[in-house]
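The report below goes through selected features of the structure shown here, moving from a single residue to the arrangement of strands, chains and domains.

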Number of protein chains: 2
Amino acid sequence: MSEFDLINQFFKNTKVKRDDVLLGIGDDCAMLSPPSGKTLAVSTDTLISGVHFPESTSAEDIAYKSLAVNLSDLAAMGAEPAWVSLAISLPDSNVEWLAAFMRGFNELAERFNVALIGGDTTQGALSITLNVTGFVDAKLALKRANAKVGDIIFVTGTIGDASIGLDLILNNVNTPDVFTGDYKSYCIDRLNRPYPQVIAGQLLTEFVVAAIDISDGLKADLNHICKASNVGAIVNIENLPTSDALLAFYNNKPDWQNIITAGDDYELCFTCSKDKVTEMLSLMESNNIKTTCIGEVVSGSGVKCMFDNELLNFEQTGYNHF
Amino acid sequence: MSEFDLINQFFKNTKVKRDDVLLGIGDDCAMLSPPSGKTLAVSTDTLISGVHFPESTSAEDIAYKSLAVNLSDLAAMGAEPAWVSLAISLPDSNVEWLAAFMRGFNELAERFNVALIGGDTTQGALSITLNVTGFVDAKLALKRANAKVGDIIFVTGTIGDASIGLDLILNNVNTPDVFTGDYKSYCIDRLNRPYPQVIAGQLLTEFVVAAIDISDGLKADLNHICKASNVGAIVNIENLPTSDALLAFYNNKPDWQNIITAGDDYELCFTCSKDKVTEMLSLMESNNIKTTCIGEVVSGSGVKCMFDNELLNFEQTGYNHF
């Protein structure tokens, strides 16, 4: 199958149609009409087989995750997703694989009304690079530099589940009896199909918070906020939101160091000024977004982790790509 | 060197600064302010080592070419380049290699005032994916579907040089005595450092032409215009613009089939209605852009090649990526 046949069969006629896409796939460029008065938020992420997902991952999950982690960057800016370009390198033009890939991709694209506007298909080691664009009000964007001393630190959802999923797939670890098959599926799903907190991000623009999505581990990512804002942070480890699956996996003795340094959570970590916390929490609750207070922004630098008011000394700080 | 050190050293503080980049590298997303009244033209191209450039290509040339072929897509739409995202996969974090890569990249980015607004650095087989955005007036864009029966077909510059460059590098071919070292350097340069016809593209928006950049070979690419416009094309092979180097390489007997099916020319092929040809040629000449009439748009479909008024029957139609 030629590159052009692939484009026609899989990429050209996806379901999401948007009025701001004047010209889609099939010319030298896509032509897009951005809304007036809004700023564009743009992000690029590459996922490589064996690095960003286990080689055994299904085509559907690879696509879902690729789009999810890119949308997660838009979420961390508070942007409304709009367009995506898909550059994919494939060892060969396996039609069944591509059909499954596009099922996973389209499922998430349709959920967030993201139009596939272009891309490139090349032969090579399996690798996916997406470029996503969303819209945001420049003054309300959730910049990392927005944190101020005294702000409260929150995290959406639960953390640590994806790292268990990865452990289960790669290391085939022994698990306690209380860790059921359902828990196992849940953790693997959290790894392969992270839910990008796009709605949460947009809701948070009301409060001009600093936000980041947790991709390299809570501690390392919160540290990015600290650096950008010239502040420090204290995290109260015992407050970290965890799932029943995680507690079962660790037999109620969570390995906190692993949980805050393992990546792939794709939850939002954000700060909020004290006077807006009640309003923010009420808005999040009414949208069914679990939101947990985990610490406070302080003067200084770096992320300090406390447990029962004692300072913990963790060494590893996050995933390093080299 | 960590991913973050790489970003700080090589990607964060490039020279091109644009007022429409509100937030550059260093947050979850870049924030961009598009000009009102203009449409965005967006394109993505991936270049893989050993597929899109010989493995022996220098880091500087790889970067230059990667940006050039992406800007060439903007040129083929008549768009003014503005922003670029760079996703690069590297086997290891070789600092010298990256420094050379960014020299080649910045050279071209500075020439066309393109701001590097984001990207991703990953470990993997050498591969570069760029996403470029430019601005164009939607009504004046050089869409492939703009060609009409009776239009005249043109090409900028000369074609076939890059394919000689590739032959020289990969096959170490014997060349005639008249093919000097200067000619050799010229052809290799045409392969490694194609000049994107960005200025030509923008000038052509005055004439609402159909255009495409020649990446897969003149015949295959002109055929894309034919398909999109529901027309056919006749190309008069003897009129194809060639360099002195090419004539020397072929001992004045050019292999036309190879020349029109080899890719990597990155010149523009475009159509122009007869009544605008004089004005268009005069504008191109005053901007020192070599522009040659090579044929005519006809009814029907497909590209027919004539030589001395006889129909030629070439089989191969272009580079197929699978």
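This is a predicted model: local features need pLDDT of at least 70, side-chain atom pairs count only at pLDDT 80 or more; totals for chains, interfaces and linings use all residues.

A:Ser49 is found in the loop that lies between β3 and α2 of chain A.

When residues up to four places away in sequence are left out, A:Ser49 touches A:Glu55, A:Ala125, A:Leu126 and A:Ser127. By contrast, A:Val178, which is 129 residues apart from A:Ser49 along the chain, has its C-alpha atom separated by 32 Å from that of A:Ser49.

## A sheet built from both chains

Six strands form an open sheet with mixed pairing, and their order is β5(A)-β4(A)-β6(A)-β3(A)-β2(B)-β1(B). The edges are taken by β5 (115-123) of chain A and β1 (21-23) of chain B, each of which has a single partner strand, so one side of each is left without a neighbour in the sheet. From one strand to the next, the twist averages 20 degrees.

At the chain B end of this order, β1(B) pairs with strand β2 (residues 30-32) of chain B in the antiparallel sense over two bridges, and B:Leu23 has B:Met31 in β2(B) as its bridge partner. Pairing between the chains is also found for β2(A), which joins strand β3 (residues 39-48) of chain B in the antiparallel sense over three bridges; A:Leu32 there stands opposite B:Leu40 in β3(B).

## The contact between chains A and B

In the contact between the two chains, 55 residues of chain A meet 54 residues of chain B. On the side of chain A that touches chain B, the elements giving two or more residues are β1 (21-23), β2 (30-32), β3 (39-48), α2 (59-75), β4 (80-90), β5, β6 (127-136) and β8 (211-213) of chain A. Of these, β3(A) gives the most, with nine residues.

Divided by class, the side of chain A that touches chain B has 24 nonpolar, 21 polar and 10 charged residues.

## The two domains of chain A

Chain A is divided into domain 1, covering 3-139, and domain 2, covering 144-309; their centres, taken over C-alpha atoms, are separated by 26 Å. The contact between them takes 21 residues from domain 1 of chain A and 20 residues from domain 2 of chain A.

On the side of domain 1 that touches domain 2, α2 and β4 of chain A are the elements that give two or more residues, and the largest share, 10 residues, comes from α2(A). The residues of this side of domain 1 divide into 12 nonpolar, four polar and five charged.

## Strand β7 of chain B

Strand β7 (residues 152-156) of chain B is mostly covered, since four of its five residues are buried. It pairs in the antiparallel sense with strand β10 (residues 268-272) of chain B, to which four bridges join β7(B), and likewise with strand β11 (residues 291-298) of chain B, over five bridges.

B:Ile153 takes part in both pairings, standing opposite B:Thr271 in β10(B) and opposite B:Gly295 in β11(B).

Note on methods. Residues are numbered from 1 along each chain as its sequence is written. Chains are lettered from A and ligands numbered from 1 in the order in which they are written. Two strands pair if DSSP finds at least two bridges between them. Axes are lines fitted to C-alpha atoms, for helices over the stretch in contact, and angles run from 0 to 180 degrees between N-to-C directions. Two residues are in contact if their C-beta atoms, placed from the backbone, lie within 7 Å. Ala, Val, Leu, Ile, Met, Phe, Trp, Tyr, Cys and Pro count as nonpolar, Asp, Glu, Lys and Arg as charged, and the others, Gly among them, as polar. A residue is buried if 20 or more other C-beta atoms lie within 10 Å of its own, exposed if 12 or fewer, and partly exposed in between; C-beta atoms are placed from the backbone. Domain bounds come from an automatic or database domain assignment.
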